[in-house]
Amino acid sequence: MKRLSLFFASAAALIAAPLAAQTTAITGGKIVIGDGSAPIEGGTVLIRGGRVVAAGANVAIPADAQRIDATGKWVTPGIFAGFSRIGLVEVGAVSQTNDTEADKSVFSAALDIQYAVNPFASPISVNRAAGVTRAVVSPDSGSSIFGGYGAVIDLGQDENPITEARAFQFVELGEAGHRRAGGSRAAAHILFRALLEEARTYARNPAVFDSDLLKASDAKALLPVINGSTKLLVHVESANDILKVLDLRKDFPALDLVLVGANEGWRVAEHIAAAGVPVLASALSDLPYGFEDLSATQSNIGRMKDAGVRVAIGMINDRDAHQLRYSVQYAGNLVALTKVPRATGLTWDEAFAAISSVPAEIMDMGGQLGSLKAGRKADVVIWTGDPLELSTQVEKVMIDGVDQSLSNRQMRLRDRYSNPTPGALPKAYDH
Amino acid sequence: MKIRALLALAAGGSLLAGCAASGAEPSSASAAPPPSSARGGPAFPSTYRAYPSAPTAITGVTIFDGEGGRIDNGTLFMVDGKISSVGGPDTAIPGDATVVDGSGKYVTPGIIDVHSHLGDYPTPSVDAHSDGNEATSPVTPEVWAEHSVWPQDPGFSRAMANGGITALQILPGSANLFGGRSVVLKNVPARTVQAMKFPGAPYGMKMACGENPKRVYGSRNRAPSTRMGSLAVERQTWIDAQEYRSKRNDAKPPKRDLGKETLAAVLDGDILVHNHCYRADEMAQIIDMSKEFGYKVTAFHHAVESYKIADILAKEGICSAVWADWWGFKMEAYDAIPENAALLQKAGACVIVHSDDENQIQRLNQEAAKALADGRAMGIDISDAQAIQWITYNPAKAMGIEKMTGSLKPGKMADLVLWNGNPLSVYSRPDKVWIDGALMFDSADAQRRPVSDFELGQPGEGDVK
C-alpha cells in the first residue's frame with residue numbers, strides 16, 4: 001500500500017509538473033550537448049516550458065530558477081534509440097504480449113504501430129531508468145515484406161508515448177525479405193515494385209481498386225512512401241543487397257531511404273555516402289550470422305562514418321524490445337576500437353552523437369530532439385560519470401522537461417530480496 | 001546481430017560434450033576422467049598439445065589473479081607453458097625472457113565461459129549447422145556435444161580476440177531434460193575437436209528444467225508437457241540409472257548403455273551436472289531431486305532468480321551461472337534483475353557470469369563489470385578483483401579445471417590475457433592472449449590472429465572483426 005500510494009503521488013506530481021513558467025537550471029555538471037561537440041566542464045543547462053533554453057559554459061541563470069546541482073556529474077541529452085521494438089513486447093515468448101509482427105494479418109503496410117505501443121510496458125520503465133528517453137519503434141514484417149508504419153516515441157511515464165506517429169514505413173529486403181516474398185531476392189524485388197505500382201493504380205482511382213496483391217488500406221499506406229513524404233526504413237545487411245536497395249531510386253526516385261542493419265555497409269560505404277542515404281547500423285555485429293553478414297565487423301560504423309555516411313546506432317533484432325540500455329555500452333565499445341590497431345571506431349563525441357543527435361537527425365527530428373541545443377525538447381539525463389562507461393549510474397531523467405520516476409519492477413524485486421531470508425512474515429508481505 | 005541465440009534458447013537446447021581422458025601432458029589433473037569406454041581404449045581422447053612458447057615476463061602491470069587478489073605494478077613470469085612467478089616489481093626475471101612492458105595495462109587469467117554453444121550452434125547459423133539439440137527425445141544423456149562441435153566456427157576466434165576467452169564449456173541445448181555430455185575446450189584453433197579438448201577436464205552433463213523441454217515435447221503431445229511431467233521423467237530416468245549402476249559390477253553386467261553410462265558417472269560424482277534452470281522454486285525442486293538420488297548439481301545456468309534463494313544456494317554450495325542483465329525474453333526470465341550476481345556474492349554463494357551467446361562471449365569482462373556496478377549501486381561492496389573471479393576461477397571450478405587454470409598461480413597453465421586497460425572498463429580490449437604460454441593473439445600483429453577455414457577467401461578475411 002505504501003508503494004501504491006507513492007505511485008499515485010508521483011502520478012499526481014507528473015500532471016502538475018510541466019509548469020510552463022518554471023525555469024530549471026542544472027548547474028556545475030559536465031555538459032554533453034550531443035551534437036558531436038566536446039563536453040563542457042562546469043556548464044549549465046537551462047530548461048523552461050519543457051524545452052532547453054540554453055546549455056553551455058556561460059549561461060545566465062534567472063534568479064527564480066529552480067537549481068539542480070550536478071557538480072561532479074555528467075549532464076546529457078537522453079539516449080535516442082535509433083531502431084527498436086520497445087513498447088511492443090512485455091515478454092518476448094508470450095505471444096499475447098508480443099506485438100512486433102502480425103504474420104496472420106491480411107494487412108501489411110497499413111499496420112500502424114502507434115496502436116500497439118504500450119507506455120506502461122515494463123521495458124519502458126526499465127530502459128527509462130537507464131537513461132533512454134526516445135526511441136524509433138518499428139514493426140517487424142510478418143506476412144509480407146512490408147511491416148507497416150513505425151513511430152518515434154518517448155519513454156515517459158505518462159500515457160501519451162507517441163512523439164510522431166507514422167514516422168516511417170518498414171520493409172525487409174535482405175534474407176528475411178527473400179523468405180517472406182516467396183523464396184528469392186528476385187521475388188522480394190519484384191514484389192516491392194509490384195506493390196508500389198499497385199499503390200499507384202489505387203491512387204488513380206481508389207473507388208474501383210481491386211488487386212490480388214494488395215488491400216486498399218495497404219495501397220494507401222504505400223503512397224507516401226512512393227512520393228517520399230514518409231521515410232522508408234529498409235532492413236538489409238549484405239553489400240550486394242545494399243546496392244540493390246540504392247538502385248530502387250532509379251525506378252522510384254522520391255524514395256526517402258534509410259538503411260537498417262547494414263552489417264556489410266563498410267564495403268560499399270562510398271556508394272551509400274554518394275546516395276546520401278543514412279544508416280541505423282548494428283554496432284557490434286562481427287560474425288557471419290548468415291551469408292549476408294560475411295564481412296561483418298565492429299569497425300563497420302567507423303568506416304562508414306569515415307566514408308561520409310551519416311550513421312547512428314540501431315538495434316535491429318538484437319534484444320531490441322528490452323535492452324535499449326545497451327546503447328551506451330555499444331557506443332563505448334566503438335570508442336574502445338580507436339585504441340585497437342587496424343580497427344576503426346568513433347571518437348567519444350561521435351559515439352555519443354550516434355545515440356543522441358544523429359538518430360534524431362536521421363529521422364528528421366534533429367530540430368526537436370537528440371541534443372541540448374536551444375529549443376530542443378528537454379530530454380535530459382544526469383549521470384554519476386561518463387555515460388558510456390559501465391560503472392556509471394543514472395541519477396535523474398527528464399522527458400519534455402518533466403522529472404521522471406526511475407522506479408520499475410526490477411528495482412522492487414531487488415529491494416524485496418536484498419536479504420533473501422524471509423522475516424516474521426513471508427516475502428509477499430515485504431512491499 | 002541476430003536473435004539466433006535467443007531463439008536457440010527459446011527452442012531450448014544445447015549440447016553436452018565430454019571427453020575422455022587427455023593424451024596431452026598430464027598436469028595436476030584434478031578429476032579423473034570417467035571411464036567412458038569401459039571395455040576399450042579411451043573414448044575420443046584429447047590430442048591437444050600446447051603450442052611453442054618463449055619464456056616471457058610482463059612487467060609494470062596491474063594483475064587480477066582470478067582468486068580475488070590484485071597486485072599493482074606487478075610482474076608475471078611464465079616459462080614452459082606454466083606460470084612461474086607472480087609478484088611485485090622485484091620479482092626475478094631470467095635474462096633470456098622476452099619482456100613485455102605492461103605499464104598502464106592489466107593482466108587477468110584467461111577468461112572462461114562455462115556456457116557456450118560455439119561449434120554446436122556455429123555461425124553461419126544456417127539450418128545445416130543446427131547441431132545443439134538432439135530434440136528427438138527428452139532424455140538423451142547418450143549424446144556428447146563434442147560430436148557436434150565444428151572447429152571452424154568463426155566465433156571461437158572472436159571470443160579469443162575480443163573477449164580473451166582461453167577455455168570454454170560447450171553444452172548441448174536445453175530442449176531436453178537430459179541434454180547430453182558437455183565438452184571443455186581450450187580456445188585454440190584446430191582441425192579436429194579432439195585437438196581442442198582440455199586435457200584432464202572432467203565431463204559435464206547438461207540438464208534443463210522449465211519452459212523449454214515441456215514446450216518442445218508437449219507440442220508433440222508427449223511427455224513432458226508440464227513441469228510435473230518433467231520431474232516425473234527425470235526421476236524415473238534416475239531410478240533406471242541407479243539400477244544400471246548397481247548392476248555394473250555384477251558377474252553378468254548389463255549390456256553397455258551409453259546414456260546410462262553417463263548417468264551412472266554422474267551418480268559416481270565423476271561427471272558434473274550443469275542444470276539450465278531459471279526460476280528459484282524450480283531450482284529448489286531440482287536440489288531435492290539431486291538429494292533423492294544422491295548426486296550434486298554443480299551449477300544452475302541462466303539462474304536469473306538465484307537472488308531469491310541466495311542463502312539456499314550458498315548453503316548447498318551450488319554455483320549460479322548468470323547473465324548481467326538479460327530479462328523478459330520469456331516468462332521464466334521475467335523476474336531477472338541486474339543485481340542478481342551481486343546479491344549472490346553478498347550471500348556468499350558462488351557466482352559465474354556466462355554468455356550462452358556468440359556475441360556476449362566477446363564481452364564477458366563487460367558483463368561482469370555491469371553486474372559489479374549494479375551491486376555497488378545498491379551498496380554491496382565488491383572489489384574489481386572479485387568480479388574478475390566471476391569470469392575466471394569460478395567457472396574453472398564449475399568445470400573441474402580450477403587446479404590447472406583459472407587463476408594466476410605458479411605451476412598453473414599460462415592461460416592469460418594482457419588488456420590494454422582495466423578489463424572492467426568499456427574502453428578496454430585484449431592486447432595479447434596466451435594459452436599454455438603460447439602467444440595465440442596479438443592485437444598489434446595481423447598474422448597473430450586465427451582465421452577459420454570458413455572465412456578464407458571471403459570478404460573480410462583476416463579483418464579486425
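At what angle do H4(B) and helix H6 (residues 280-293) of chain B pack, and how far apart are their axes? The first legend gives the answer.

The model is a predicted one, in which local features need pLDDT of at least 70 and side-chain atom pairs count only at pLDDT 80 or more, while totals for chains, interfaces and linings use all residues. Residues are numbered from 1 along each chain as its sequence is written, and chains are lettered from A and ligands numbered from 1 in the order in which they are written.

**Figure 1. Packing of H4(B) and H6(B).** The two helices pack at an angle of about 20°, with their axes 11 Å apart. Helices (H or I, at least four residues) and strands (E, at least two) are DSSP runs, numbered from the N terminus. Axes are lines fitted to C-alpha atoms, for helices over the stretch in contact, and angles run from 0 to 180 degrees between N-to-C directions. H4(B) and H6(B) are therefore roughly parallel to each other; angles under 35 degrees count as roughly parallel, over 145 as roughly antiparallel, 65 to 115 as roughly perpendicular and the rest as oblique. On H4(B), the contact is made by Arg227(B), Leu231(B), Glu234(B), Arg235(B), Trp238(B) and Gln242(B), and on H6(B) by Glu282(B), Gln285(B), Met289(B) and Phe293(B). Two residues are in contact if their C-beta atoms, placed from the backbone, lie within 7 Å. Four residues of this contact are nonpolar, two are polar and four are charged. Here Ala, Val, Leu, Ile, Met, Phe, Trp, Tyr, Cys and Pro count as nonpolar, Asp, Glu, Lys and Arg as charged, and the others, Gly among them, as polar.

**Figure 2. Packing of H4(B) and H5(B).** Helix H4 (residues 227-247) and helix H5 (residues 258-268) of chain B pack at an angle of about 85°, and their axes are 9 Å apart. This angle makes H4(B) roughly perpendicular to H5(B). From H4(B), the residues Thr237(B), Asp240(B), Ala241(B), Gln242(B), Tyr244(B) and Arg245(B) meet Lys260(B), Leu263(B), Ala264(B) and Leu267(B) of H5(B). By class, the contact of H4(B) with H5(B) has five nonpolar, two polar and three charged residues.

**Figure 3. The hairpin of E3(B) and E4(B).** Strand E3 (residues 70-79) and strand E4 (residues 82-87) of chain B pair in the antiparallel sense over five bridges; strands pair if DSSP finds at least two bridges between them. Leu76(B) stands opposite Val86(B) of E4(B). Two residues lie between the strands of the hairpin, and Asp80(B) takes a positive phi near 55°.

Figure 4. Another cis peptide bond, with omega of about 0°, joins Ala223(B) and Pro224(B).

**Figure 5. An open sheet of eight strands in chain A.** The strand order is E6-E7-E8-E9-E10-E11-E12-E13, and the pairing is mixed. Strand E6 (79-84) and strand E13 (311-313) of chain A are at the edges with a single partner strand each, so one side of each has no neighbour in the sheet. Neighbouring strands of the sheet are turned by 25° against each other on average, direction ignored. E6(A) pairs with strand E7 (residues 132-137) of chain A in the parallel sense over four bridges, and Ala81(A) stands opposite Ala135(A) in E7(A).

**Figure 6. The contact of chain A with chain B.** In this view, 45 residues of chain A are in contact with 52 residues of chain B. On the side of chain A, helix H9 (326-336) and helix H12 (409-416) are the elements that give two or more residues. H9(A) gives the most, with five residues.
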